[in-house]
Amino acid sequence: MLPKRKPQNRVPLVPVSVVIIVVSFMFLYYYYMMPSSSLNGLSKNMALHSGQCSSQALALGEKFVWYAPHSGFSNQLSEFKNAILMAGILNRTLIVPPILDHHAVALGSCPKFRVFDPNEIRISVWNHVIELMRERRYISIAEIIDVSSLVSKSLVRVIDLRDFVSIWCGISLDSACLNDSTLQSSVSETLKQCGSLIAGLRGSDNKCVHAIRNDCRTTVWIYDQGGGEDGTLDPFQPDEQLKKKKNLSYVRKRRDVFKSLGPGSKVESASLLAFGSLFSSPYKGSELYMDIRESPQDQRLQSLMREIKYLPFVPEIMSAGKEFARRTIKAPFLCAQLRLLDGQFKNHHKATFQGLRQSLESLGQKGSEQIHIFIMTDLPRDNWTGTYLGDLVNDAHNYKVYFLRDTDEVVRQAAVKLMAAGHGQRFITNSKTVAGKKYCSNPSLPDVLLYVEQAVCGCASLGFVGTSGSTIAENIELMRKYGSDYCRS
């Protein structure tokens, strides 16, 4: 007789159908809850880890250019114009960046030959881009500045940075908004690899990325068109005292951007051309970084330079400024832009107020009764007491003072309309898969106060008083010279 077997503990069998249902549910959850491009990026990012372009990026057949904006909005706008110019000359599609927080990324000082390396600036911009996405505060500069006329006239091709990353790196920047802890590590690593690639940290590649290492310490970009300037010394060089004090050996040369970076150059085949800063301004008889001038030989360049001299805000901003002038001020008024707190301006309050005082005295001599004044300033309203601004507010018999806050309804409505309009979504022909895409859900309303204030100043029929040396004042002057027709429409 065989011995009796001891009964075995059996695990209850789970019906196969239940297993299939659970697995299917998990797959569908991640498929619909996670952006498809993020899934693609997580499974197909081997090219990123090896520091090479993906086959999808190279198959586009499109050549791109991007740059690293920095400092305040006005400087970023100046760089945007220069980037449009570079894209037009080099016949590349411009990657449009977001508006960065004020001084989130700094350049340094070109006149002192003390600036951050282009690679450092590019990766700093990338890290701030990820921060803006995570905090749902990302807004493209093309959602604030109207470039529709440039695009419609085929003077420049543009693509939003978010769409470029989705196509080129195979991962959506939306993934930065994910709160799923199980995916954050993989997403962060893939985004890091993408940033390293397009910032040029992995070096340059003939077909993939060419990271430009030239900056204002060594280079002034020109468009020579055979004029013989290419390679010559720029008039502005570090003086002997600075050379000895800082042990500098920089030599600034004028370089033809088309000859160095355009068709026929060594970098022509690179899919992406990555600049660092594109900020430039006049200095000691030269330009700090870009000295590109109109040329009768190139009608397209002439048209482009005329168009970018003044780029208006998008209609939602311009309309808000006009509405405030018409419905709130309702009278001819003077605009005063007073920069009092930032940088060099905080030590020149007296000189800043003096310009406004003189303008008001001049208007008073012309027989104006109560003078209406719109004030835009970085000095908080609660700190006006004891300043010339406080005196104007208290003198209600002679002056009526207006100002805007970010909580005012006209400003809030401008932000709401701006988000609904989606001006930043301008896509290249072969990127239809992302056209019309909505980015991170529940984004914050953008801070548009500064832009609406400038639009109000554009309508000031009694004149404008700006802070000397302020790039914001320069932008307002351009608006008043070239774009004030919107106030009368």
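How many aromatic pairs does the structure hold? The structure holds 13 aromatic pairs, where rings of Phe, Tyr and Trp (its six-membered ring) are taken to pair if their centres lie within 6.5 Å, with planes under 30 degrees apart counted as stacked, over 60 as edge-to-face and the rest as tilted. The model is a predicted one, in which local features need pLDDT of at least 70 and side-chain atom pairs count only at pLDDT 80 or more, while totals for chains, interfaces and linings use all residues. Residues are numbered from 1 along each chain as its sequence is written, and side-chain values use heavy atoms, with hydrogens and water left out.

Helices (H or I, at least four residues) and strands (E, at least two) are DSSP runs, numbered from the N terminus. F313 counts as buried because its relative accessibility is 5%, and Y451 counts as buried at 7%. Buried means under 20% relative accessible area, exposed over 50%, and partly exposed in between (1.4 Å probe, protein chains only). Ring pairs also link F113, F236, Y250 and Y283 into a cluster.

F236, a member of that cluster, is also reached through its backbone oxygen by the side chain of R252, at 2.9 Å. This is a polar contact, defined as a pair of N or O atoms within 3.5 Å; within protein, one must be able to donate a hydrogen and the other to accept it, and residues adjacent in sequence count only if both atoms are side-chain atoms. R252 is located in the loop between α10 (240-246) and β8 (253-256). Its relative accessibility is 1%, so R252 counts as buried.

The largest nonpolar core has 124 residues, of which F80, W168, F275 and F374 touch the most other members. Such a core is a set of buried Ala, Val, Leu, Ile, Met, Phe, Trp, Tyr and Cys residues joined through side-chain atoms within 4.5 Å. Helix α5 (residues 73-90) gives the most to this core, contributing 10 residues. Another core, of 18 residues, lies apart from it and has L334, L338, L356 and L363 among its members. With neighbours within four places in sequence left aside, F275 is in contact (heavy atoms within 4.5 Å) with residues including W66, M86, L90, I212, W221 and Y289.

Strand β1 (residues 64-66) pairs with β2 in the parallel sense over 2 bridges; two strands pair if DSSP finds at least two bridges between them. Within this pairing, T93 of β2 is the bridge partner of F64. The chain passes from β1 through α5 to β2 in a β-α-β crossover that is right-handed, meaning that, with the strands pointing away from the viewer, the path from the first strand over the helix to the second runs clockwise. Strand β2 is also joined by 3 bridges to strand β5 (residues 158-160), and these two run parallel. Here L94 stands opposite V158 of β5.

In a regular strand the side chains alternate between the two faces of the sheet. In β2 (residues 93-96) both faces are covered, as T93 and I95 on one side and L94 and V96 on the other are all buried.

Several loop residues complete the description. S470 lies in the loop between β15 (463-465) and α18 (471-482). S470 counts as buried because its relative accessibility is 1%. The side chain of S470 reaches the backbone nitrogen of I472 at 3.2 Å. Neighbours within four places in sequence aside, S470 is in contact with Q337, R339 and F345.

L341 is in the loop between β12 (333-338) and α14 (349-365), and is partly exposed, with a relative accessible area of 41%. The C-alpha atoms of L341 and D378 are separated by 6.4 Å, although the residues are 37 apart along the chain.

Two lysines have a positive phi although neither is a glycine: about 45° for K284 and about 55° for K330. K284 lies in the loop between β10 (282-283) and β11 (286-287), and counts as exposed at 60% relative accessibility. K330 is placed in the loop between α13 and β12, and is exposed, with a relative accessible area of 62%.
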